[in-house]
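Let's take a walk through this protein together. Have a look at the sequence and the fold first, and then we'll go through a few spots one by one.

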Amino acid sequence: MSVHYLKWDLTKVTPEPMERYCRQCGRVVPFEDSFRRRQNANGKDIYEYAIYKCEKGHTWNKKLQTMKAYPGMINPQQPAGLFSESIPEVWYRELLQTGITFIQIDIEYVDKRHRLDLTLSTRIKDMSRETIQKKIKQGTIQVNHLHVAPNYSIRTKDTITILVQDI
Ligand SMILES: [Zn+2]
């Protein structure tokens, strides 16, 4: 039996796709979180942005939070620059081909409500929400080795296991 281990920090996930006006496209289009974050320092404040992209790849920086630079902080004026905090995408069929038996996802942090079915269908790129709901109901997707409902709210320290089998 082989297990593919993943660690997810759900405070870094913004699963809701959103629509907004893209200046370059000239119309309202869907934007997706690229899971890249950027910090800009401006005087005493440090701004953190999520980089969103439209389908054509135009970017929009969504302001996430402002942090105060405190006295003694190392180089508060220096921008932290671009860094990736991405949760890697999961491709179920690739894992199926490698002969993996289980995917185990350890949830490190949760900040707000994340539905189990929605969260998994957002991150597992080749599995529909309907398939995921079916697997949760069948018990081939479990949380802490227990049967749960598709609308289960994921909690910090939860362990999600997915039995990898033909779909
Ligand atoms: Zn655009």
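Which residue in strand 7 is the bridge partner of Lys7? It's Asp106. Before going on, a word on where this comes from: this is a predicted model, in which local features need pLDDT of at least 70 and side-chain atom pairs count only at pLDDT 80 or more, while totals for chains, interfaces and linings use all residues. Residues are numbered from 1 along each chain as its sequence is written, and side-chain values use heavy atoms, with hydrogens and water left out.

**The sheet**

Strand 1 and strand 7 run parallel, joined by seven bridges. (Strands are DSSP E runs of at least two residues and helices are H or I runs of at least four, numbered from the N terminus; two strands pair if DSSP finds at least two bridges between them.) They belong to an open sheet of four strands, ordered 1-7-9-8, with mixed pairing. Strand 1 and strand 8 are the edges: each has a single partner strand, so one side of each lacks a neighbour in the sheet.

**Helix 2**

Helix 2 covers residues 116-123, and seven of its eight residues are buried, meaning under 20% relative accessible area with a 1.4 Å probe, protein chains only (exposed is over 50%, partly exposed in between). Among the buried ones are Leu116, Leu120 and Arg123. They pack against several elements, including strand 1, strand 7 and helix 3, where contact means heavy atoms within 4.5 Å.

**The zinc ion**

What holds the zinc ion? Cys22 (SG), Cys25 (SG), Cys54 (SG) and His58 (ND1) coordinate it at 2.0 to 2.4 Å; donors are N, O and S atoms within 2.8 Å of the metal, or 3.2 Å for Na, K and Ca. Cys22 lies in strand 2, whereas His58 sits in the loop between strand 4 and strand 5, 36 residues apart. Cys22 is buried at 3% relative accessible area, and His58 is buried too, at 19%.

**Aromatic rings**

Rings of Phe, Tyr and Trp (its six-membered ring) pair if their centres lie within 6.5 Å; planes under 30 degrees apart are stacked, over 60 edge-to-face and the rest tilted. That gives three aromatic pairs, and here are two of them:

| Pair | Type | Centre to centre | Between planes |
|---|---|---|---|
| Phe31 and Trp60 | edge-to-face | 6.1 Å | 70° |
| Tyr47 and Tyr49 | tilted | 6.5 Å | 35° |

Phe31 is buried, at 2% relative accessible area. Together with Tyr52 and Trp60, Phe31 forms one aromatic cluster.
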